[in-house]
Amino acid sequence: MRVVSLVPSLTETVAVTAPGVLVAATDWCTHPADLDVVRVGGTKNPDVPTITALRPDLVLANEEENRAPDIAALRAAGLDVLVTEIRTLDQAFRELERLLAACGAPSRPRWLDEAEAAWGALTPAGTYTAVVPIWRRPWMVLGSDTFAGDLLVRLGVRNLYAEHPERYPRLPLDELRAAAPDLVVLPDEPYRFTPDDGPEAFPGTAAALVDGRLLTWYGPSLAEAPRALARALRAAHR
């Protein structure tokens with residue numbers, strides 16, 4: 001198999017489970033750190049001619065990460081594109097099994113069993129109402145029907161914008177503050193929130209700085225995510 005991945009978490013999934021299968025990935029595919037493959041642009045602007053010239057057996061994409069016109073262009077070039085849809089943890093487990101089978105993985109990987117066990121044994125870190133920014137200038141937050149939102153529910157976090165009609169609404173900071181959350185959850189991707197960039201916008205509100213990869217990626221990181229995210233949430237309230 002020759003596989004090109006246009007999704008960072010799927011790149012890690014295949015690289016860890018079926019070494020040698022990947023021939024190319026995007027510039028944003030940072031895990032594993034020693035991944036040595038051809039780079040084919042970004043998730044939103046992949047280099048279609050370069051991908052086509054590599055003659056992959058399969059291209060991996062995601063309906064949220066990648067643009068429909070790029071997927072259509074790859075298919076028009078005669079390539080087989082597997083498009084995943086992942087909005088919940090259960091859906092992630094199903095899609096990861098489907099993807100790995102399509103990539104020729106010889107067996108179900110141990111990390112997938114460990115991830116399912118870890119989430120199944122999870123004790124919520126508490127019960128919080130939260131605002132979850134993912135960008136600033138302008139401020140954007142998690143809204144409805146998101147993978148990260150589903151993980152947070154399992155961790156005991158009720159997203160105050162989970163019923164918003166948009167998945168990633170842009171909202172003024174004054175409105176976010178007025179929602180009076182118990183907690184503001186600040187991941188380090190896609191916007192890199194830090195102790196000095198983010199918490200100061202929500203004075204008097206506990207801030208949980210979390211690893212964005214653990215909150216938004218679906219792959220081997222799911223095995224460590226529940227414990228690490230729960231620790232970060234508890235630490236915010238100490």
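The model is predicted.

**Cores**

Where does Leu183 belong? The largest nonpolar core has 58 residues. Leu60, Trp119, Leu183 and Leu222 touch the most other members of this core. Helix α9, residues 225-236, gives the most to the core, with 7 residues. There is also a second, separate core of 14 residues. Among its members are Ala24, Leu54, Leu79 and Val81.

**Helices that pack on α4**

Helix α4 spans residues 89-102, and helix α5 spans residues 110-120. Their axes lie 12 Å apart, at an angle of about 170°. An angle over 145 degrees counts as roughly antiparallel, so α4 is roughly antiparallel to α5. Which residues meet here? From α4 come Leu89, Phe93, Leu96, Glu97 and Leu100. From α5 come Trp111, Leu112, Ala115, Glu116 and Trp119. By class, the contact of α4 with α5 holds 8 nonpolar and 2 charged residues, and no polar ones.

Helix α4 also packs against α6. The axes of α4 and α6 come within 9 Å and cross at roughly 120°. The two helices are therefore oblique to each other. On the α4 side, the contact uses Leu89, Asp90 and Ala92. On the α6 side, it uses Phe147, Asp150, Leu151 and Arg154. This contact has 4 nonpolar residues, 3 charged residues and no polar ones.

**Aromatic rings**

A pair of aromatic rings is described by the distance of the centres and the angle of the planes. The whole structure holds 5 aromatic pairs. Two of them are set out here.

| Pair | Centres apart | Planes at | Arrangement |
|---|---|---|---|
| Phe147 and Tyr218 | 5.5 Å | 85° | edge-to-face |
| Tyr191 and Phe193 | 4.7 Å | 50° | tilted |

The pair of Phe147 and Tyr218 links distant parts of the chain. Phe147 sits in helix α6, residues 147-154. Tyr218 sits in the loop between α8 (212-216) and α9. The two are 71 residues apart. Are these residues buried or exposed? Buried means under 20% relative accessible area. Phe147 has 5%, so Phe147 is buried. Tyr218 has 4%, so Tyr218 counts as buried too.

Tyr191 and Phe193 are both buried. They also belong to one aromatic cluster, formed by Trp135, Trp139, Tyr191, Phe193 and Phe202.

**Two loop residues**

Thr43 lies in the loop between β3 (38-39) and α2 (48-53). With a relative accessible area of 9%, Thr43 is buried. What does Thr43 contact, beyond its neighbours within four places in sequence? The partners are Leu6, Pro8, Thr26, Trp28, Glu65 and Asn66. Thr43 and Glu64 are 21 residues apart in sequence. Their C-alpha atoms are 10.0 Å apart in space.

Gly78 lies in the loop between α3 (68-76) and β5 (81-84). Is Gly78 buried or exposed? Its relative accessibility is 62%, so Gly78 counts as exposed. Gly78 and Leu176 are 98 residues apart along the chain. Their C-alpha atoms are separated by 46 Å.

How values were computed. Residues are numbered from 1 along each chain as its sequence is written. This is a predicted model: local features need pLDDT of at least 70, side-chain atom pairs count only at pLDDT 80 or more; totals for chains, interfaces and linings use all residues. Side-chain values use heavy atoms; hydrogens and water are left out. A nonpolar core is a set of buried Ala, Val, Leu, Ile, Met, Phe, Trp, Tyr and Cys residues joined through side-chain atoms within 4.5 Å. Buried means under 20% relative accessible area, exposed over 50%, partly exposed in between (1.4 Å probe, protein chains only). Helices (H or I, at least four residues) and strands (E, at least two) are DSSP runs, numbered from the N terminus. Axes are lines fitted to C-alpha atoms, for helices over the stretch in contact, and angles run from 0 to 180 degrees between N-to-C directions. Angles under 35 degrees count as roughly parallel, over 145 as roughly antiparallel, 65 to 115 as roughly perpendicular and the rest as oblique. Contact means heavy atoms within 4.5 Å. Ala, Val, Leu, Ile, Met, Phe, Trp, Tyr, Cys and Pro count as nonpolar, Asp, Glu, Lys and Arg as charged, and the others, Gly among them, as polar. Rings of Phe, Tyr and Trp (its six-membered ring) pair if their centres lie within 6.5 Å; planes under 30 degrees apart count as stacked, over 60 as edge-to-face and the rest as tilted.
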